[in-house]
Amino acid sequence: MLTSKFSSAKREINPSTESKNPEDDSVQKVRVFVRKKRAKKTVQPIVEVVKPEIVDQKPCSLPEIEDFAYGKQSSYSRSNEVQPPANWEKVIEGIRKMRSSEDAPVDSMGCEKAGVSLPPKEGRFAVLISSLLSSQTKDHVNHGAIQRLLQNDLLTAETIDKADEGVIKELIYPVGFYSRKASNMKKVAKICLEKYGGDIPSTLEELLQLPGIGPKMAHLVMNVGWNNVQGICVDTHVHRICNRLGWVSRLGTKQKTSTPEQTRESLQLWLPKEEWVPINPLLVGFGQTVCTPLRPRCGMCTVSGLCPSAFTETPSLSATPKKNKR
């Protein structure tokens, strides 16, 4: 009897326990599953949304703005921080007085004089050709070649394009590298005919694409031909004199510039823009008459007291009279 009661009681207990445990287990399992699933759903999307915003803003937006601002400020501050050389205005004024007689070759035979008697279109082309011929050539030699081309009606794009290259060589001889320059003249004439209707390019970038045309020539042509000042025309005289005066240096150093292009970039950092055009003929003529390449005449220079290179390159006294007698 006890056994049967125990067993029946056991039966009554077991179903209830069996029915409760699965429900409890199922509820617990569901709750645990849902919580984990919700935790993943609620946490992961937030992470996915927030991270791209942080990544997009910090590396893409802020550094770009900072870099842009820094780049502009650094470039402007660099030019603003470049202090003009001491007494540069006195030096220029002194050189102008020495050049007042305008007796240097550049004053009457410079490249800018090539087209003065011609109509604007032909005049621009003449200045371009004169600039092309001027490299490694003295002004009087270059001027003579231009005059011979003009006399033979070979100073327009049309006539040069039709002319025999051998004839051009004979007319421009003895300019430096006359054979190569004759070939470049033909190429330039054809380009100007095909792309510009016989005129010359009106932008610095297009001028620099022409055969035989470098930065110095392109700036000169822009200044004279188009009255568009985008930079200083720096030739060997301007390059030499600016370094002698201590007006220019390589970027970030106190060393002299090694190329005319470096001189141009350095000079433009501080020289007022109204001086960009006149500085070339001023210093070229000064270099042809006083501050010459090999024997600078410091004794007759009125600004030698302001020049750090004065008398450092002057030859011995015995050599000077021999040079003057020749």
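Which helices do the buried residues of α10 pack against? They pack against α4, α9 and α12.

Some ground rules. This is a predicted model, where local features need pLDDT of at least 70, side-chain atom pairs count only at pLDDT 80 or more, and totals for chains, interfaces and linings use all residues. Residues are numbered from 1 along each chain as its sequence is written, and side-chain values use heavy atoms, with hydrogens and water left out. When I say helix, I mean a DSSP run of H or I of at least four residues, numbered from the N terminus.

Back to α10, residues 215-225. Of its 11 residues, 8 are buried, so the helix is largely enclosed by the rest of the structure. Buried means under 20% relative accessible area, exposed means over 50%, and partly exposed is in between, with a 1.4 Å probe and protein chains only. The buried set is Met 217, Ala 218, His 219, Leu 220, Val 221, Met 222, Asn 223 and Gly 225. After α10 comes Asn 227, with a positive phi near 50°.

Next, salt bridges. Side chains of opposite charge can pair when their charged atoms come close. The cut-off here is a side-chain nitrogen of Lys or Arg within 4 Å of a carboxyl oxygen of Asp or Glu. The structure holds 6 of these bridges. I'll show you some.

Take Asp 199 and Arg 124. Their closest N and O atoms are 2.7 Å apart. This pair links distant parts of the chain, 75 residues apart. Asp 199 sits in the loop between α8 (178-196) and α9 (204-208), and Arg 124 sits in helix α4, residues 120-134. Both partners are buried.

Now Lys 190 with Asp 161. Here the closest N and O atoms are 3.3 Å apart. Lys 190 is in α8 and Asp 161 is in α6 (residues 157-162), so the bridge ties together parts that are 29 residues apart in sequence. Lys 190 is partly exposed at 42% relative accessible area. Asp 161 is partly exposed as well, at 23%.

Then a local one: Glu 261 and Arg 264. The closest N and O atoms are 2.4 Å apart. Both residues lie in helix α12, residues 260-268, and they are 3 residues apart, about one turn of the helix. Is Arg 264 buried or exposed? Arg 264 is buried, because its relative accessible area is 12%. Glu 261 is partly exposed, at 28%.

Stay with α12 and look at how α11 meets it. The two pack at an angle of about 60°, with their axes 9 Å apart. Axes are lines fitted to C-alpha atoms, for helices over the stretch in contact, and angles run from 0 to 180 degrees between N-to-C directions. That makes α11 oblique to α12. For the classes: under 35 degrees is roughly parallel, over 145 roughly antiparallel, 65 to 115 roughly perpendicular, and the rest oblique.

Who makes the contact? Val 238, His 239, Cys 242 and Asn 243 come from α11, and Pro 260, Thr 263 and Leu 267 from α12. Contact means heavy atoms within 4.5 Å.

Last, Asn 243. This residue is in helix α11, residues 236-245. Asn 243 counts as buried because its relative accessibility is 9%. Leaving aside neighbours within four places in sequence, Asn 243 touches Val 248, Lys 256, Thr 257, Thr 263 and Ser 309.
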